Amino acid sequence: MSNSPKPLVAISGRRWKGSLIEGLPGNFSELGIDLHIGAYADAVASAGGVAVTMPCSMAALDVLDYAHALVLTGGSDVSPARYGESPHSAVYGVDDVRDQVETALALSALERGLPVLAICRGLQILNVALGGSLIQHLEPEEGENHAAWDVAASTLVHAVTFAESSHVASVYGSTNWTVNSLHHQALARLGEGLIATGWAADGTIEAAEMTDRRVVGVQWHPELVCDQPDPGVSWIVAEASKVSAAR
């Protein structure tokens, strides 16, 4: 058995008012409750890492002093005001505090040279943090059913093609992959340093990366897709291990 410590992978979260959570006492209604989808931590653990779930506050930045990698997680829509647009009628769940915290986390991780896996909303907030913009709503009748919210979240619903020379193709060991899909938004103008390296058949960007950094973003949810560690999750844990060893 290896004596090397497991790497710490920091996972972003969200904060809801207690009034939104069924079963809490009434006097908890105005308290902030940090929430984390358990699949992220479970997937990191399955791949051999230690998941550190962070608060949805600027205190999360302190966690990056100790973490070896960052996972930016999925969730509701990034505020269109962050990329200079008025909201489409389908935009939902805008959380300005979460946008602020995750923008700061993304930029701080890049500054520190930490590996980053940006998942779904995570890819979108990374893109916006770098000066990019989003397609605010993908009409289902105009392409793939990207917002497959009426089936199990792990259901594989459409194919993605990776650029042959891309890092994401190397991570997944193929230029073709079938993914689940839980998003109604996508990348439009790419942020500084990001390049698109994966697409659905309708042209929607499904993966992006930074050539000079250990940064991969995917529009699907690799933490949900299988019982075995997904290659994307295994990659971020492996990169975190390199950072841990170097320290």
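Visitor: Which residues does L110 touch, not counting residues up to four places away in sequence?

Guide: L110 touches L126, L130, M210, R213 and V215. Contact means heavy atoms within 4.5 Å. This is a predicted model, in which local features need pLDDT of at least 70, side-chain atom pairs count only at pLDDT 80 or more, and totals for chains, interfaces and linings use all residues. Residues are numbered from 1 along each chain as its sequence is written, and side-chain values use heavy atoms, with hydrogens and water left out.

Visitor: How far apart are the C-alpha atoms of L110 and R213?

Guide: They are separated by 8.0 Å. Along the chain, L110 and R213 are 103 residues apart.

Visitor: Why is L110 called buried?

Guide: Buried means under 20% relative accessible area; exposed means over 50%, and partly exposed lies in between (1.4 Å probe, protein chains only). L110 has 7%, so it is buried.

Visitor: And what makes D99 buried?

Guide: D99 has a relative accessible area of 0%. That is under 20%, so D99 counts as buried. D99 lies in helix α3. Leaving aside neighbours within four places in sequence, D99 is in contact with D77, V78, S79, R82, R121 and I125.

Visitor: In which helix is L110 found?

Guide: L110 is found in helix α3 too. Helices (H or I, at least four residues) and strands (E, at least two) are DSSP runs, numbered from the N terminus.

Visitor: Which residues of α3 meet which residues of α4?

Guide: From α3 come R98, D99, E102, T103, A106, L107 and L110. From α4 come R121, I125, L126 and A129.

Visitor: How do you know that α4 is largely enclosed by the rest of the structure?

Guide: Nine of the nine residues of α4 are buried, so α4 is largely enclosed. Among them are G122, Q124 and N127. After α4 comes G131, with a positive phi near 95 degrees.

Visitor: What makes a set of residues a nonpolar core?

Guide: The members are buried Ala, Val, Leu, Ile, Met, Phe, Trp, Tyr and Cys residues, joined through side-chain atoms within 4.5 Å. The largest nonpolar core here has 31 residues. Those with the most contacts inside it are A10, M54, L64, L70, L72, L105 and L126. Helix α3 gives the largest share, five residues. A second, separate core has 26 residues, including I119 and W220.

Visitor: Which residues does L126 touch, not counting residues up to four places away in sequence?

Guide: L126 touches L72, A106, L110, A118, L194 and V215.

Visitor: How do you know that the buried residues of α1 are on the same side?

Guide: The buried residues of α1 (residues 38-46) are A39, Y40, A43 and V44. They cover an arc of only 135 degrees around the axis, which puts them on the same side of α1. The arc is that of the directions from the helix axis to the C-beta atoms. What covers these buried residues includes β1, β4, β5, β6 and α6.

Visitor: Why do β12 and β13 count as a pair?

Guide: Two strands pair if DSSP finds at least two bridges between them. Strands β12 (residues 205-210) and β13 (residues 215-218) have four bridges, so they pair, in the antiparallel sense. One of the bridges links A208 to G217.

Visitor: How many bridges join β8 to β11?

Guide: Two bridges join them, and the strands run antiparallel. At least two are needed, so β8 and β11 pair.
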